[in-house]
Amino acid sequence: MYNIGYFSLSEEKDNSEHGKGIEKKHYKIHSITEEHFNKIEQLDVLLLEESKPSDINQVCEMLMNVRKRSNILVWILAHPDVIVRKNRIVYLKLGADGVIDHTDNWEELSLILKNAINRHYFPQFVNKKMLNQEKSTFKLIPQNFSVLIESGEEISLTKLEYKVIEYLYANKQKVVSYEELYQKIWTGDCHELKYRICNLIFHLRKKIQPTKDSKEYIKTVRSKGYVLKL
């Protein structure tokens, strides 16, 4: 399941229409505000809607902040009668993956997202029946960004959650420090290092350890980091 963040600079925001027509089987749409940008790591795709040429300064600032923290896919949505060529070039130079004419054609946007995500993250959907026929064990499924836990259930993860469990799995039974894990997941400085890691582990645990009776896969080693116990 891919998480798509939608941020609109339009003064007439109608969030009820955001994501209309996008295939909901593989995508979850989140209408976000500037306050949510501190959780950008939980998204796989960000859509920024520009409403007028003067929005360029705010959009540029958002792009730079996103690129400092994440390599998620980012598109600018702009109305064709508003966007100017100069703005397009600036957005692309700052790291936007593309500028799309916003024509309310959500079917077209859905296909653009699907094709770009497939190329960027290389997911291929695995036959779950075949997975369930295998011996139930903890198993990574890189094609889907998911894990198969011992109950036989396949759990879908975000890109960052999968990166975390993938690195812990590669070092299973060993303690991985906060610093080591941070450096493998993010780029840039280590501001709020421990908070980001703890927050990501919290969401990951909720998925692979949904109940108190569930097996505890990820254990905390106080003041050091985490260890994956299988």
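This is a predicted model: local features need pLDDT of at least 70, side-chain atom pairs count only at pLDDT 80 or more; totals for chains, interfaces and linings use all residues.

Q: How much of the protein counts as buried?
A: Of its 230 residues, 45% count as buried.

Q: And what share of the contacts comes from residues 24 or more positions apart?
A: Taking contacts in the protein with a separation of 6 or more, 61% are between residues 24 or more positions apart.

Q: OK, helices. How do helix 6 and helix 7 cross?
A: Helix 6 covers residues 178-185 and helix 7 covers residues 193-208; their axes come within 10 Å and cross at roughly 80°. With 65 to 115 degrees as the range for roughly perpendicular, that angle makes helix 6 roughly perpendicular to helix 7.

Q: Which residues make that contact?
A: From helix 6 you have Y178, E179, L181, Y182 and I185, and from helix 7 L193, K194, R196, I197, C198 and L200.

Q: How does the contact of helix 6 with helix 7 divide by class?
A: The residues there are 8 nonpolar and 3 charged, with no polar ones.

Q: What about helix 5 and helix 7, at what angle do they pack?
A: About 85°, with the axes 10 Å apart. Helix 5 and helix 7 are therefore roughly perpendicular to each other.

Q: Who's involved on each side of that contact?
A: Helix 5 brings L160, E161, V164, I165 and L168, while helix 7 brings L200, I201, H203, L204, K207 and I208. By class, the contact of helix 5 with helix 7 has 8 nonpolar residues, 1 polar and 2 charged.

Q: Switching to aromatics. How many aromatic pairs are there?
A: The count comes to 4 aromatic pairs. One of them is F138 with Y169: the ring centres are 6.2 Å apart and the planes are at 25°, so the pair is stacked.

Q: Where do F138 and Y169 sit in the chain?
A: F138 is in the loop between helix 4 (128-133) and strand 6 (139-141), and Y169 is in helix 5, so to speak a link between distant parts of the chain, 31 residues apart.

Q: Are they buried or exposed?
A: F138 has 4% relative accessibility, so F138 counts as buried. Y169 is at 26%, which means Y169 counts as partly exposed.

Q: Give me another pair. How are F145 and Y162 arranged?
A: F145 and Y162 form a tilted pair, 5.3 Å centre to centre with 35° between the planes. This pair also links distant parts of the chain: F145 is in the loop between strand 6 and strand 7 (146-148), Y162 is in helix 5, and they are 17 residues apart. Both F145 and Y162 are buried.

Q: Back to Y169. Which residues form one aromatic cluster with Y169?
A: F138 and Y217 do, together with Y169.

Q: And what sits over the ring of Y169?
A: The charged end of K172, 4.3 Å from the ring centre.

Q: Last one: where is E49, and is E49 buried or exposed?
A: E49 is in strand 3 (residues 45-50). With 8% relative accessibility, E49 counts as buried. E49 and I100 are 51 residues apart in sequence, while their C-alpha atoms are 9.4 Å apart in space.

How values were computed. Residues are numbered from 1 along each chain as its sequence is written. Side-chain values use heavy atoms; hydrogens and water are left out. Rings of Phe, Tyr and Trp (its six-membered ring) pair if their centres lie within 6.5 Å; planes under 30 degrees apart count as stacked, over 60 as edge-to-face and the rest as tilted. Helices (H or I, at least four residues) and strands (E, at least two) are DSSP runs, numbered from the N terminus. Buried means under 20% relative accessible area, exposed over 50%, partly exposed in between (1.4 Å probe, protein chains only). A charge sits over a ring if NZ of Lys or CZ of Arg is within 6 Å of the ring centre and within 35 degrees of the ring normal. Axes are lines fitted to C-alpha atoms, for helices over the stretch in contact, and angles run from 0 to 180 degrees between N-to-C directions. Angles under 35 degrees count as roughly parallel, over 145 as roughly antiparallel, 65 to 115 as roughly perpendicular and the rest as oblique. Contact means heavy atoms within 4.5 Å. Ala, Val, Leu, Ile, Met, Phe, Trp, Tyr, Cys and Pro count as nonpolar, Asp, Glu, Lys and Arg as charged, and the others, Gly among them, as polar.
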